[in-house]
Amino acid sequence: MLVFCEECGRKYLLDNEKIEGMEARFKCESCDHLIVAKKPEDTLKDPTPSEK
Ligand SMILES: [Zn+2]
């Protein structure tokens with residue numbers, strides 16, 4: 001998925017499969033802004049029912 005830094009507009013190409021959990025957090029290489037990329041829900045193949 002494509003992620004944009006809200007601060008400077010730099011774009012990053014993120015591999016959905018490398019995102020652990022619901023979101024990925026990383027710092028922008030240009031401006032040090034903390035980017036939180038949320039995984040699109042439709043990429044979740046089987047939504048886990050809340051058992052735990
Ligand atoms: Zn930035």
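Visitor: Where does Met1 lie?
Guide: Met1 lies in the segment before strand 1 (2-4). Strands here are DSSP runs of E with at least two residues, and helices are runs of H or I with at least four, numbered from the N terminus. This is a predicted model: local features need pLDDT of at least 70, side-chain atom pairs count only at pLDDT 80 or more, and totals for chains, interfaces and linings use all residues. Residues are numbered from 1 along each chain as its sequence is written.

Visitor: What does Met1 touch?
Guide: Leaving out residues up to four places away in sequence, Met1 touches Leu14, Asn16 and Pro40. Touching means that the C-beta atoms, placed from the backbone, lie within 7 Å. The C-alpha atoms of Met1 and Ala37 are separated by 9.2 Å, and these two are 36 residues apart along the chain.

Visitor: Is Met1 exposed or partly exposed?
Guide: Partly exposed, because 14 other C-beta atoms lie within 10 Å. The scale counts other C-beta atoms within 10 Å, with C-beta atoms placed from the backbone: 20 or more is buried, 12 or fewer is exposed, and in between is partly exposed.

Visitor: How much of the protein is buried?
Guide: Buried residues make up 0% of its 52 residues.

Visitor: Okay, the overall layout. How many helices and strands?
Guide: Zero helices and four strands. From the N terminus on, the order is β-β-β-β.

Visitor: Which way do strand 3 and strand 4 run?
Guide: They run antiparallel, and five bridges join strand 3 to strand 4 (residues 34-38). Two strands count as paired if DSSP finds at least two bridges between them.

Visitor: What sits between the two strands?
Guide: Six residues, and the two strands form a hairpin. Asp32 is in that loop.

Visitor: What is the phi of Asp32?
Guide: It is near 70°, a positive value in a residue other than glycine. Most residues other than glycine have a negative phi.

Visitor: Is Asp32 buried or exposed?
Guide: Asp32 counts as exposed, because it has 10 C-beta neighbours inside 10 Å.

Visitor: Back to strand 3. Why does it lie largely in the open?
Guide: Of the five residues of strand 3 (residues 23-27), the number buried is zero, so the strand lies largely in the open.

Visitor: Pick one from strand 3. What about Glu23?
Guide: Glu23 has its place in strand 3. Glu23 is exposed, because 10 other C-beta atoms lie within 10 Å. Beyond residues up to four places away in sequence, Glu23 touches Val36, Ala37, Lys38 and Lys39. Glu23 and Val36 are 13 residues apart in sequence and 6.7 Å apart in space, C-alpha to C-alpha.

Visitor: And Ile35, where is that?
Guide: In strand 4. Ile35 is partly exposed, with 18 other C-beta atoms within 10 Å.

Visitor: What does Ile35 touch?
Guide: Val3, Cys5, Arg25, Phe26 and Cys28, not counting residues up to four places away in sequence. Ile35 and Glu6 are 29 residues apart in sequence, yet 7.6 Å apart in space, C-alpha to C-alpha.

Visitor: Last one. What share of contacts joins residues at least 24 apart?
Guide: That share is 27%, among contacts between residues at least 6 apart in sequence.

Key
Contact = placed C-beta atoms within 7 Å.
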